[in-house]
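Biologist: Could you show me the model, and then walk me through it?

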Amino acid sequence: MKKLLLITGALAFILGGCGGADDTEDPAMDDDGAMEEEAADDGGSVSAEEGMALYEQNCMSCHGGDFEGMSGPALEGYSEDEVLAAIEEGPGSMPADIVTGEDADAVAKYVAEEG
Ligand code: HEC
């Protein structure tokens, strides 16, 4: 039994270590990233990581992996409400309601914080 506990502990350590490595992948984002993660923890039901995954699936192809813009404009300096409005309305050639409900909240939060 003791051995099993040790293995579980080691696994948790390894997994934790990997998460940390991911966070530091982009050195430019480092300082902000750490602070925003804490803020997101207090912020309620939607997590920044969820928002990031949703952004990559639904928005990145038009707005770029770094919010730099591609076929859509760069997403820098938008507030959560502005992003939500854009998701609902689908301005110009952007499709409306690509994500809805909590997913939309998570993406909007992510774009507002990171963009
Ligand atoms: C098919 C391409 C496409 C996808 C996918 C897409 N967008 Fe857009 N987006 C656009 C285009 C094009 C515009 C500019 C529309 C215009 O004003 O003419 C735009 C504009 C915006 C704006 C600015 C609105 C404003 O009022 O200035 C925001 C914010 C935005 N998109 C967020 C998102 C988010 C968040 C997602 C993912 C949920 C997303 N977009 C997915 C193409 C896209």
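Modeller: What follows goes from the overall fold to the ligand and then to a few single residues.

Modeller: This is a predicted model, so local features need pLDDT of at least 70 and side-chain atom pairs count only at pLDDT 80 or more, while totals for chains, interfaces and linings use all residues. Residues are numbered from 1 along each chain as its sequence is written, and side-chain values use heavy atoms, with hydrogens and water left out.

Biologist: How many helices and strands does the protein chain have?

Modeller: The protein chain has six helices and zero strands, where helices (H or I, at least four residues) and strands (E, at least two) are DSSP runs numbered from the N terminus.

Biologist: And what share of the residues is buried?

Modeller: Of the 115 residues in the protein chain, 23% are buried, and here buried means under 20% relative accessible area, exposed over 50%, and partly exposed in between, with a 1.4 Å probe and protein chains only.

Biologist: Switching to the ligand, which residues come nearest?

Modeller: The ligand has 20 residues around it, and those that come nearest are Cys59, Cys62, His63, Tyr78 and Met94; a residue is near a molecule if one of its heavy atoms lies within 4 Å of it.

Biologist: What about the classes in that shell?

Modeller: The shell around the ligand has 14 nonpolar, six polar and no charged residues. In this scheme Ala, Val, Leu, Ile, Met, Phe, Trp, Tyr, Cys and Pro count as nonpolar, Asp, Glu, Lys and Arg as charged, and the others, Gly among them, as polar.

Biologist: Which helix gives the most to the shell?

Modeller: H5 gives the most, with three residues, and helix H4 (60-63) and helix H5 (80-89) each supply at least two.

Biologist: Is histidine 63 itself buried or exposed?

Modeller: Histidine 63 counts as buried because its relative accessibility is 8%. This residue lies in helix H4, and the side chain of histidine 63 also reaches the backbone oxygen of proline 73 at 2.8 Å.

Biologist: Back to H5, which of its residues are buried?

Modeller: Val83, Leu84 and Ile87 are the buried residues of H5. They sit on the same side of H5 because they cover an arc of only 100° around the axis, the arc being that of the directions from the helix axis to the C-beta atoms. On the other side of H5, Asp81 and Glu89 are exposed.

Biologist: Where is phenylalanine 67, and what is its phi?

Modeller: Phenylalanine 67 is in the loop between H4 and H5, and its phi is near 60°, a positive value in a residue other than glycine. Most residues other than glycine have a negative phi. Phenylalanine 67 is buried, as its relative accessible area is 3%.

Biologist: And aspartate 97?

Modeller: Aspartate 97 also is not a glycine and has a positive phi of about 55°. Aspartate 97 is in the loop between H5 and helix H6 (101-114), and with a relative accessible area of 45% it is partly exposed.

Notes
A polar contact is a pair of N or O atoms within 3.5 Å; within protein, one must be able to donate a hydrogen and the other to accept it, and residues adjacent in sequence count only if both atoms are side-chain atoms.
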